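I opened the model to look at chain contacts and helix packing. My notes follow.

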Amino acid sequence: MSLLEIKNLNLSIYRTPILRDVSLSVDPGQIVAITGESGSGKSLTALSVMGLTPQGTQMTGKVLLDGKDILQTSEPELCKMRGQDVGMVFQEPMTALNPVQTIGAQVAETIRMHQKTGKRAALAQAEEMFRKVGLEIPSSRYPHELSGGQRQRVVIAMAVALRPKLLIADEPTTALDVTTQARILTLLKTLVQEFQMGLLMITHDLAVVSDIADQIVVMQEGQVVEQGQTQHLLQHMSHPYTKALFAASGHQVDLPQTPVQKPLLRVSGVCRDYPIGRTSVFGARKSFRALHEVSFDLGRGERVGLVGESGCGKSTLTRAILGLEDVQEGSIALDGQPVFAGKRPNLDVRRQMQVVFQDPYSSFNPRHRVGRLITEPFHLLQAPPEGIARQQVIEQALTDVGLHPTDAGKFIHEFSGGQRQRIAIARALIIKPELVVFDEAVSALDVSVRAQVLDLLAELCRKRPFTYLFISHDLSVVRSVTDRVLVMKEGRIVEQGPTESVFTNPQHSYTQALISAAPRLPELA
Amino acid sequence: MIQYALRRFVSLVVSLIVASIVIFAVVEVIPGDPAAFMLGVNAQEDTLNALREQMGLNDPLPVRYFNWVTGMLSGDFGNSWTYKAPVAEMIADRIWVSLPLAIYALILSTLIAFPAGIYAASRRGKPGDIAVMGATQLGVAIPNFWFAMILVLIFAINLRWFSAGGFPGWENPFDALKSLTLPAIALALPQAAILARVMRSSLLDMLGEDFIRTARAKGLTRRQALWRHAVRNALIPVLTIIGLQFSFLLAGGIIIEQVFFLPGLGRLIFQSISARDLIVVESVVMLLVFVVILVNFAVDLAYAVVDPRLRSRV
């Protein structure tokens with residue numbers, strides 16, 4: 001008998017069907033990964049096992065944990081089960097912990113909920129668990145004093161404190177850097193083996209899935225479209241959706257070669273200091289140097305990638321290049337003109353630069369129509385087009401990014417994530433800037449949509465010389481859409497060079513670590 | 001933590017200095033001759049001179065400010081022109097009515113608001129929540145003086161449980177508290193209504209947070225998750241409101257003091273303004289500002305007790 005067996009689970013929320021006929025099983029010591037794009041029902045499947053589905057949920061079918069049907073179990077019974085028999089790890093380690101309790105107390109709480117243990121004994125047990133998950137810090141720390149990876153270890157310690165039979169992990173590494181991700185995945189694998197737990201893991205990242213799972217379950221629109229042993233499934237995938245998903249994940253963009261001309265953007269010796277508070281009441285203000293003498297050139301027509309982990313200074317550099325903040329040392333010039341003139345950004349230069357941000361949901365004013373949204377950069381122009389000319393520019397911009405001219409009259413909520421990102425690109429390109437900065441522009445998108453957006457970039461490159469700086473933590477994406485790549489660590493550029501040679505033959509130890517930590521899709525037949 | 005407290009303390013001192021300068025400027029510098037203002041248009045020249053002398057108006061401004069501040073620091077608030085009595089004594093008499101009243105009302109409002117807010121939040125959308133929210137809506141809408149009169153009608157005139165007004169002094173603490181009870185309720189209920197609403201919405205925000213889901217996954221019941229994880233996090237906005245309310249209760253009890261005929265600070269200010277006794281007004285306002293700033297300081301410290309993130313922020 002399997003540890004967890006979901007049989008024909010149907011789930012609807014306020015009569016809207018979400019899951020249809022989901023069946024899967026997890027054995028002790030086995031890692032089963034549910035994968036699929038956003039809205040496929042992965043997370044709800046996991047929550048149904050915890051009995052933590054949202055209000056208004058109706059379920060039919062069976063969810064058997066060790067032979068006991070969770071759908072027929074009363075709430076008090078479920079409370080006893082959660083934490084004891086099933087543990088859960090969540091996606092966002094930054095918010096998953098209570099900010100006003102010490103990490104020791106929070107892990108000890110799991111123990112004290114289910115066992116009659118004294119406070120001290122529970123805390124000692126929690127500390128033992130911290131060692132087990134590789135956390136070597138005092139248990140009296142508060143969550144805000146920890147890094148993302150450390151917090152995720154605390155969450156894991158909390159979930160496995162009582163050695164549950166089943167661990168559910170919902171996108172446990174999605175919010176983490178690649179090197180941290182690799183370490184957390186190894187930890188999960190070790191724990192599964194040591195405790196002989198079943199692990200039900202939910203992730204959209206197929207490279208992670210292929211790397212860690214024994215069994216893969218592919219979901220689409222609330223249904224399981226294919227499942228099987230990892231090796232077998234990778235070799236003989238049959239469902240078109242599975243094939244499309246893997247194809248999109250490893251999507252290589254056909255980037256046209258363009259001759260690189262003279263430097264367009266020149267960043268030389270840039271340092272950026274942020275003031276941090278005084279350490280004593282009457283002490284001097286201290287500052288934190290976020291960028292250390294960063295220098296590089298960006299040629300006209302060149303596509304450059306910038307990679308590095310969170311906190312390495314990518315965003316600071318972006319803000320400095322866009323002239324949103326002044327720098328303390330060094331200079332940034334576009335076509336020989338400084339981006340920051342005196343105390344304010346140089347508008348002449350700002351006209352030549354545009355940016356596309358990560359979040360396609362929050363970077364638009366929801367009360368404006370698309371036609372108005374994409375013409376926002378017009379205020380940078382001295383003589384923006386008006387009347388029919390303006391209409392033509394809007395239509396052209398929308399057509400260029402694969403949308404229809406009539407979309408100009410719609411509101412942003414009428415579009416999907418991928419379409420919104422197209423609109424963001426249209427907004428950036430409408431004033432024909434010399435340089436576009438993509439700041440994690442495809443990181444929030446599903447793989448298939450991401451592939452389309454990347455193809456769009458290649459297509460735009462074919463139409464006219466297109467210079468961009470592509471900032472991302474995702475190495476495979478950077479590899480496919482850039483000519484040259486910069487690797488940043490702790491505010492310094494530690495390596496730069498042609499993309500292919502950096503990826504195939506990294507020189508700096510950090511680049512090597514980064515590349516080896518990144519999970520890779522297996523070669524598919 | 002000590003760093004944080006020290007910084008807040010420095011800010012307290014700075015606020016006090018700024019406030020004293022502003023009050024001094026408004027009362028003594030801006031309108032022209034305070035003595036002429038206090039005595040009205042028909043004042044005799046020699047009375048004016050006597051008042052100017054008493055107020056030290058003939059000295060240069062910095063000297064006057066310095067004398068005023070050092071006087072207050074040593075407990076000398078000057079003499080009231082209308083009552084011919086030391087202001088310090090007058091304030092001392094009144095503050096023993098107003099301060100206990102404000103604290104009493106604050107305790108009542110917190111005692112009502114916390115359970116009501118928590119109850120409503122834990123039953124979001126259910127009849128209990130709707131009932132509590134309806135009641136608080138009413139509490140916010142009803143003016144406290146009207147409410148005070150209703151209380152007098154019911155509990156003093158009909159039931160005769162309390163006296164309708166007046167204050168017997170603190171010789172008998174029970175009687176004193178009893179005479180403050182109706183005013184405290186009248187002051188507290190509208191405040192409790194606001195506080196309960198803040199508590200509820202702050203709790204609901206917290207209940208939507210990820211760490212509540214984590215707590216539930218550990219096996220806590222909905223109620224346990226609420227009490228152990230949401231309440232303390234929800235306290236921060238609530239503390240802010242409590243701080244603001246205390247200032248209001250202390251100085252804003254003026255109407256309630258009138259209704260219940262209590263010899264409090266509110267009445268003192270009201271009477272001295274009517275009598276144009278700027279010496280009293282100036283000192284009482286400064287005292288109120290002092291208390292308000294002190295309460296804010298206490299709220300700041302309370303934040304740090306509740307939230308470890310503030311403690312470590314340097």
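How many salt bridges does the rule find across the interface of chain A and chain B? I looked this up and got three. I keep in mind that the model is predicted.

**Interface.** I checked one salt bridge by name. The side chains of A:E75 and B:R216 meet, with 3.4 Å from N to O. Next I took the residues in the contact. Chain A gives 30 residues and chain B gives 26. I then looked up the area. The two chains, A and B, bury about 2600 Å² between them. Carbon and sulfur atoms carry 57% of that area.

**Chain B.** I went through the elements of chain B. I found 14 helices and zero strands.

**A helix pair in chain A.** I turned to helix 6 (residues 178-195) and helix 18 (residues 509-517) of chain A. Their axes come within 8 Å and cross at roughly 50 degrees. Helix 6 and helix 18 of chain A are therefore oblique to each other. I noted the hand of this crossing as left-handed. Helix 6 of chain A makes the contact through A:V178, A:T179 and A:A182. Helix 18 of chain A answers with A:A513, A:L514 and A:A517. I sorted the residues of this contact by class. Five are nonpolar, one is polar and none is charged.

How values were computed
Residues are numbered from 1 along each chain as its sequence is written. Chains are lettered from A and ligands numbered from 1 in the order in which they are written. This is a predicted model: local features need pLDDT of at least 70, side-chain atom pairs count only at pLDDT 80 or more; totals for chains, interfaces and linings use all residues. Side-chain values use heavy atoms; hydrogens and water are left out. Axes are lines fitted to C-alpha atoms, for helices over the stretch in contact, and angles run from 0 to 180 degrees between N-to-C directions. Helices (H or I, at least four residues) and strands (E, at least two) are DSSP runs, numbered from the N terminus. Angles under 35 degrees count as roughly parallel, over 145 as roughly antiparallel, 65 to 115 as roughly perpendicular and the rest as oblique. A crossing is left-handed if the near helix is turned anticlockwise from the far one by less than a right angle, and right-handed if clockwise. Contact means heavy atoms within 4.5 Å. Ala, Val, Leu, Ile, Met, Phe, Trp, Tyr, Cys and Pro count as nonpolar, Asp, Glu, Lys and Arg as charged, and the others, Gly among them, as polar. Buried area is the accessible area (1.4 Å probe) that two parts lose on being put together, summed over both. A salt bridge is a side-chain nitrogen of Lys or Arg within 4 Å of a carboxyl oxygen of Asp or Glu.
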